[in-house]
Amino acid sequence: MGMLLLYAVIMTSGSIALWTLVRRYFKKRPTSAGRVIWSVLVSGFALISIAAITTNFGTISTPGIDLPLGFAPGSGVPLTTTAIFKMVIVSLAQVLFVFILLSRIQELVLVKRTSSSQHNWYAMLFVFVAASLLSVFRAAGDPQNFVQDIAIVVSIVFMVLNAFRLSWIVSLSFKEKLATIGLCMVLIVLLIGGPGIGNSGSSFLIPDAYSYLEHYFMPLAAFVKQATIFGILYGTTSFLSLLFHLPTTGDFRQREGERATMHSLTHLIGQVFEAERLFESVAAAPVESGSADYAWLALPDLDTGFLQYKVFATSGIVPAKVNDLFDSTQLASDLSRDNLPLIIQKAQADHRLNLKTADGIGSLLAVPLIAREEVLGALFAAKKVSSGFEQDDIETISIFAAQAAVAIDNAHLFEQQVERERLEREMSIAREVQQKLLPQNVPEISGLSMAASSVSAQEVGGDYYDFVRLGEQELGVIIGDVSGKGTSAAFYMAEMQGIFHSVSRIAKSPATFLTHANTALAQTLDKNVFISAIYAILNLETERIVLTRAGHCPAAIVRLNGEARYIRTRGLGLGLDRGSLFQQSLTQESISLDPGDVLVFYTDGVVESRDAEGEEYGYDRLLSILKEYRHEDADGLHSAVLRDLRGFIGSAEYDDDMTLVVVKWHGVPIDTLLTSTQSVKEST
Amino acid sequence: MSNFSVGFRNSGTVQILDLKGELDAHTASELEAAIQKCQADNQVQIIINGANLLYISSAGLGVFMAYIEEVRECGGDIKIAALQPKVYNVFDLLGFPMLFDIVDLEEDAVGKFVVA
C-alpha cells in the first residue's frame with residue numbers, strides 16, 4: 001500500500017511537471033487557429049506513430065507466461081521488460097499528446113474571452129484532474145464505481161460548455177475555413193484512432209493503448225480518456241461550425257473591410273492640408289471596403305459654374321469615361337433637391353445614364369455629401385452587376401459619404417480661415433500705407449494753430465485731408481470724401497492725394513485747382529463714384545481765406561464774437577459732371593479773417609453720426625459746440641468736438657469714415673510769443 | 001435685416017419707384033436691381049419717390065449717377081420727387097439739382113414727362 005501511494009505521488013508530480021513544460025513550450029507559439037490545430041496534428045501524429053510502432057515492435061515471448069500484454073492478472077504488475085518498455089512509451093506518448101491538445105485548444109477556447117469563459121475552462125481542467133484522481137486506487141480492468149461515474153458526468157458537462165467556445169471561427173477567410181475543416185477531420189480520426197475513447201477498442205492505430213495506460217497509472221488513463229473525449233467533441237463542434245459559417249464568409253469579410261475603411265476614413269477628417277489625398281481616400285473607400293467595384297468623387301467645378309460636377313478622384317475606373325456618364329448638372333440639382341442617395345439598380349436601362357459610357361456598369365449609387373445642410377458634392381459607387389446594391393451597401397456608402405462630407409467641409413473651413421488671415425494681413429498693410437498718405441504732422445506756421453484727425457470705419461477709407469505751403473505767405477488746405485467706403489474708396493483717395501500734390505502748386509485759385517482735379521479724375525472714376533471736396537487757400541499777409549466747395553459738407557466759420565455759420569457756396573462734386581458744367585457750377589468765397597476766427601472742415605461722417613436712437617449729430621449741434629469752445633486753440637477745439645461726438649454716439653464704434661480739421665487764425669505770430677515766454681522762463 | 005425697400009408703381013407710361021428706409025452702401029444694390037429691371041422692361045421714364053426715404057449715403061447717390069446716362073440715351077429720364085428736407089439737403093450739397101430734375105410733388109414730375 002505504501003509503495004502504491006509513493007508510486008501515485010511520483011506519477012502525479014511527474015504529470016504536473018510534464019504539463020507545466022508543455023504549457024511553457026507553447027506559451028509563445030503563434031495562436032492563429034490553423035496553426036494551433038496544425039501543431040496539435042503534427043505532434044499528435046509523431047507521438048502516435050511512435051506509440052504504434054512500439055506496440056507492434058517485438059512480441060511478448062517470455063516462456064511460461066501466456067498473458068496478452070505481459071501483465072500479471074489481478075495485481076496488473078508488468079512481468080517482462082518488454083511490457084514495461086511498451087507500457088511507458090505508449091502511455092507517455094498518449095499523455096504528451098493530450099497535454100499538447102489541451103494546451104493548444106485552450107488558446108482557441110479563450111479567443112475573445114470573458115471572465116466566465118475563462119472560469120469554465122479552468123473549472124473543466126480541475127474536474128478532469130479531480131475525476132482522474134478518484135481512480136487512483138482502481139486497478140486496471142476494474143469497472144468504475146458510482147462516484148467516478150458522477151465525476152465523469154460533471155466532467156462531460158464542462159466539456160460541452162467549453163466545446164461551444166468557437167469565436168475564432170468567424171474571423172477566418174474562406175480558404176482558411178476550408179483548410180481548418182480538413183484539419184479538424186484529421187484531428188478527430190487521430191484522437192479516435194490513437195488514445196481512443198476508453199476500452200471500447202476504438203484505438204485502431206495503437207492496439208491496447210488504453211490497457212497500457214491503465215497499467216501505467218490509472219488516474220492518467222482517466223485523464224487521457226476525458227481529454228480525448230473533449231478533443232473529439234471540440235473537433236466535431238469546430239468542424240460543424242466551420243461548415244455552417246462557410247457560406248457567410250464573404251459577408252463577414254466585407255464587414256471587416258468596411259470597418260477597416262471606416263477606421264482609416266476617420267483619420268482623414270483631420271487631413272485638411274492635402275485636399276487631393278483626402279479626395280482620393282474618399283473615392284477609394286467604397287472599393288476598399290468591398291461595397292462597390294468602382295467609385296468616384298464629384299465636387300462642384302468652380303471653374304465652369306457651381307452646379308456642374310467634376311470628378312476629382314476615382315477608384316477602379318477611367319476618369320474620362322465617368323465625366324460623360326451623366327448630365328451632371330441635372331444630377332447635381334436632383335441630389336441637392338432631395339438630399340437623398342440616388343439608386344439606379346438597372347444602369348443599362350436607365351435614361352439618365354449615357355448608355356455608351358455606361359458599359360461595364362450594372363448598378364449605380366450616388367450619395368450627396370452634406371455638411372451643415374449644404375450639398376458639397378457626391379460620392380458615386382458602381383457595381384458590374386445590376387441590382388447590385390443591397391440596403392446595407394447603401395447604408396455603408398452613405399456613412400462614408402457623411403464622413404467625407406465632414407472632412408471636406410473641414411478642409412474648406414481651413415482654406416477659408418487661411419484666406420481670411422491673408423486678407424486681414426493685406427488690409428492691415430493697406431491701412432498702414434493709407435495712413436502715410438495723410439499728413440503725419442500739421443505744419444507749424446506762426447499766427448496759425450491747426451489740428452486734424454481722420455478715422456476709417458473699415459481698415460481703409462475714402463476720407464482725405466492735406467496741407468500744402470504755397471510760397472511764403474500762402475497755405476492750401478484740402479478736405480475730400482470719396483463716395484462709398486472701403487477698398488475702392490481708398491484707391492480713389494490715393495489718386496486724389498497724388499493730384500493734390502502735383503496740381504495744387506500750379507493752380508492759382510481753389511476753383512482752378514478743382515477744375516484740373518475734376519478733369520484728371522474724370523478719366524479714372526467709375527460712373528457711380530464721385531468725390532466731394534473743399535479747397536481753401538489762406539493768405540497770411542492779407543489775412544484772407546479763399547475757398548471753393550465741390551459738393552462737400554460746408555466748412556464752418558466761427559468768429560471770436562460768437563458769430564458762426566456754414567460757408568455754403570454752390571459747386572458740384574468732383575466726377576459728377578465731366579464737361580464744362582462742373583467748372584460753371586463752382587463759386588469762390590473770400591473771407592477776411594480776424595484774430596480768433598476758426599475754420600472747421602469735416603466729412604459727413606461727423607454730422608451723420610448717430611446715437612443709439614438713430615438720431616443724427618447734425619449741423620446745428622456741431623455749430624453750437626464750436627461756438628461754445630471757440631476760445632480754445634485748434635487742439636482744444638478739435639478734441640472738444642470729438643469728445644462731444646463720442647459722448648453723443650455713446651460707443652467708440654464709428655459707422656463711417658470721419659475727418660475733422662480745425663484751423664484757427666491767431667493773427668499775432670504766436671511762435672514769437674511762445675519763444676518770449678520760454679526765454680522768460682529760462683531767465684528766471 | 002435690410003431696412004430698405006423699393007416699391008413699383010405706374011402712372012401712365014411713367015414708372016414710379018417708391019423708396020423706403022435707408023439707402024446706403026449695403027442697400028444700394030437693391031435700387032440698382034430695381035432700375036435695371038425698369039431698363040429690361042423698356043421703362044425709361046422713371047420717377048424716384050423719396051417720401052419715405054429716411055437717409056441716403058454717397059454710395060446711394062452713386063446709383064443715380066451710374067444709370068442716368070444710359071436712361072437719357074434711351075430717351076428717358078430719372079426724376080426725383082417728394083424728398084424729405086434732410087435727404088434733399090444731401091442731394092443739394094453735392095449739386096444734384098444741377099444734374100437731375102428734383103421736384104416737390106410726384107405729380108409735377110409726371111407732368112414733366114407728359115409735356116416732354
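Biologist: How do α1(A) and α3(A) lie to each other?

Modeller: Quick caution before that: this is a predicted model. Helix α1, residues 2-27 of chain A, packs on α3(A) at an angle of about 45°, with the axes 10 Å apart. The two are therefore oblique to each other.

Biologist: And which way does α1(A) cross α3(A), left-handed or right-handed?

Modeller: The crossing is right-handed. On the α1(A) side, the contact residues include L18(A), W19(A), V22(A) and F26(A). Among those from α3(A) are V95(A), F99(A), I100(A) and L102(A). By class, the contact of α1(A) with α3(A) has 9 nonpolar, 3 polar and 3 charged residues.

Biologist: OK, what about α3(A) and α4(A), how are they arranged?

Modeller: Helix α3 (residues 81-109) and helix α4 (residues 115-133), both of chain A, pack at about 155° with their axes 11 Å apart. Anything over 145 counts as roughly antiparallel, so α3(A) and α4(A) get that label. Their crossing is right-handed.

Biologist: Which residues meet there?

Modeller: From α3(A) you have L102(A), I105(A), Q106(A) and V109(A), and they meet W121(A), Y122(A), L125(A) and F128(A) of α4(A). That contact of α3(A) with α4(A) splits into 7 nonpolar residues, 1 polar and no charged. L102(A) and Q106(A) also turn up in the contact of α3(A) with α1(A).

Biologist: Let's jump further along chain A. At what angle do α13(A) and α14(A) pack?

Modeller: About 30°, with the axes 11 Å apart; α13 covers residues 391-437 of chain A and α14 covers residues 486-503. That makes them roughly parallel, and α13(A) passes α14(A) in a left-handed crossing.

Biologist: What touches what in α13(A) and α14(A)?

Modeller: M427(A), Q434(A) and L437(A) in α13(A) meet T487(A), A490(A), M493(A), A494(A) and Q497(A) in α14(A). The class count for that contact is 5 nonpolar, 3 polar and no charged.

Biologist: Switching topic: how many residues of chain B are in contact with chain A?

Modeller: 20 residues of chain B, against 24 of chain A. Together the chains bury about 1,900 Å², with 56% of it on carbon and sulfur atoms. L93(B), L94(B) and M98(B) supply 35% of the area that chain B buries against chain A, more than any other three residues.

Biologist: How many salt bridges are there between chain B and chain A?

Modeller: There are 4. One of them joins D92(B) to R568(A), where the closest N and O atoms are 2.9 Å apart.

Definitions and conventions
Residues are numbered from 1 along each chain as its sequence is written. Chains are lettered from A and ligands numbered from 1 in the order in which they are written. This is a predicted model: local features need pLDDT of at least 70, side-chain atom pairs count only at pLDDT 80 or more; totals for chains, interfaces and linings use all residues. Side-chain values use heavy atoms; hydrogens and water are left out. Axes are lines fitted to C-alpha atoms, for helices over the stretch in contact, and angles run from 0 to 180 degrees between N-to-C directions. Helices (H or I, at least four residues) and strands (E, at least two) are DSSP runs, numbered from the N terminus. Angles under 35 degrees count as roughly parallel, over 145 as roughly antiparallel, 65 to 115 as roughly perpendicular and the rest as oblique. A crossing is left-handed if the near helix is turned anticlockwise from the far one by less than a right angle, and right-handed if clockwise. Contact means heavy atoms within 4.5 Å. Ala, Val, Leu, Ile, Met, Phe, Trp, Tyr, Cys and Pro count as nonpolar, Asp, Glu, Lys and Arg as charged, and the others, Gly among them, as polar. Buried area is the accessible area (1.4 Å probe) that two parts lose on being put together, summed over both. A salt bridge is a side-chain nitrogen of Lys or Arg within 4 Å of a carboxyl oxygen of Asp or Glu.
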